[in-house]
Amino acid sequence: MSFLKPKTHIEKGDVVILYLSVSSMHAIEAVPEIVNKKGETIPHIFQTNYGSLKVENIIGVEYGSKVELSKGWAHVLQPTPELWTQTLPHRTQIIYTPDISMIIHQLEVRPGAVVVESGTGSGSLSHYFLRALKPTGHLHTFDFHEARADQARDEFRRHGIADFVTVYHRDVCNLGFGAELDGKADAVFLDLPAPDLAVPHAFKALKLSGGRFCSFSPCIEQSQRCIQELTKLGFNEIVSLEVLQQENVVKTRTLPVIDLEFLKLPKTDETTTATNALESKAPKEVKKYLTSSNPQTLPGHTGFLTFATLPPNIPKA
């Protein structure tokens, strides 16, 4: 029940983030026993780079506490969508926080909203949607792969947020979102290989009072086809953009100070010899400067986000 609301202590069955470092985190389930591949029930011992953790020992521990491993220590944290994105089991390629923050903002997801999502995938974005629309909103999420839909449904149940989401197994490009969702959505999000095929179904799902649309596509050609369909159906404020996260490198640099006084003197062999002699004996003056620069390597392309608005009262024949 870790994702439902803030908690102070770890309870049995919680999903817990075992934090070793920024680049080393693990999501574990706080259960004292697990079933191994042979079908045997054994104590739940989790192995890390800093030794093992007997998971039974963290039940009842306060979130944020430091816990001992056999060869070191770690912190136990309550999961957030941001931490879950970094530790979840990948069933598909996922969308990460830089793109997700823009999606949540542009779709105006808020408590009480109804959001339609396709496809569910590994559920990374779904957890952000659910945090934003609880406690009175609802997420309808679709995946064409039945096993992935079942895994996502079970995951939401174990995380304590199943009341706010309905998971469907359906090919929305050919079958749409279903008549029961016609005119019910405040926002529609698509992460599909051919989003243009699903745009007419998104049009039908959005409320008569209007709504927001977003499609995530790795290729610009997919975005172009999507925009053509959006334009035909009367969407406006159409924009396609790319979000790149770039970190500024701030550091103190020590630089030598060059004395250029000798340039003011007439240039003769005698003055040059004298200047060189003085410079060789004098200590080099240095100064420290706080500098900022771009990193040597920049993040690569993730995908194109296409946003659009459906104005109110567009006929849906």
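Okay, let's start at the boundary: across the interface of domain 1 and domain 2, the rule finds 0 salt bridges, a salt bridge being a side-chain nitrogen of Lys or Arg within 4 Å of a carboxyl oxygen of Asp or Glu. Before I go on, this is a predicted model, where local features need pLDDT of at least 70 and side-chain atom pairs count only at pLDDT 80 or more, while totals for chains, interfaces and linings use all residues. Residues are numbered from 1 along each chain as its sequence is written, and side-chain values use heavy atoms, with hydrogens and water left out.

So what are the two domains? Domain 1 covers 9–79, and domain 2 is made of 85–244 + 299–310; those bounds come from an automatic or database domain assignment. Their C-alpha centres lie 32 Å apart. In the contact between them, domain 1 puts in 7 residues and domain 2 puts in 4 residues, with contact meaning heavy atoms within 4.5 Å.

How much area do domain 1 and domain 2 bury between them? About 390 Å², and 57% of it is on carbon and sulfur atoms. That buried area is the accessible area (1.4 Å probe) that two parts lose on being put together, summed over both.

On the domain 1 side that touches domain 2, strand E1 (15–21) and strand E2 (24–29) each supply at least two residues. E2 gives the most to that side, with 4 residues. Strands (E, at least two residues) and helices (H or I, at least four) are DSSP runs, numbered from the N terminus. By class, that side of domain 1 has 5 nonpolar, 1 polar and 1 charged residues. Nonpolar here is Ala, Val, Leu, Ile, Met, Phe, Trp, Tyr, Cys and Pro; charged is Asp, Glu, Lys and Arg; the others, Gly among them, are polar.

Now, the salt bridges. How many does the structure hold? There are 12. As a reminder, side chains of opposite charge can pair when their charged atoms come close. Take Asp 14 and Lys 7: their closest N and O atoms are 2.7 Å apart. Asp 14 is buried at 1% relative accessible area, and Lys 7 is buried too, at 18%. For the cut-offs, buried is under 20%, exposed is over 50%, and partly exposed is in between (1.4 Å probe, protein chains only). Glu 11 joins Lys 7 and Asp 14 in a network of salt bridges.

Next, Asp 154 and Arg 157 pair at 2.5 Å. Both sit in helix H4 (residues 146–158), 3 residues apart, so about one helical turn separates them. Asp 154 is partly exposed at 30%, whereas Arg 157 is exposed at 51%. Helix H7 (residues 220–232) has Lys 232 and Glu 229, again 3 residues apart, and their salt bridge is 3.4 Å, N to O.

Last stop: Thr 306, in strand E17 (residues 304–310). Is Thr 306 buried or exposed? Buried, at 1% relative accessibility. Its side chain makes a polar contact of 3.3 Å with the side chain of Ser 240. Not counting residues up to four places away in sequence, Thr 306 touches several others, including Phe 213, Ile 227 and Leu 230.

Technical notes:
Polar contact = N/O pair within 3.5 Å; in protein donor to acceptor, adjacent residues only side chain to side chain.
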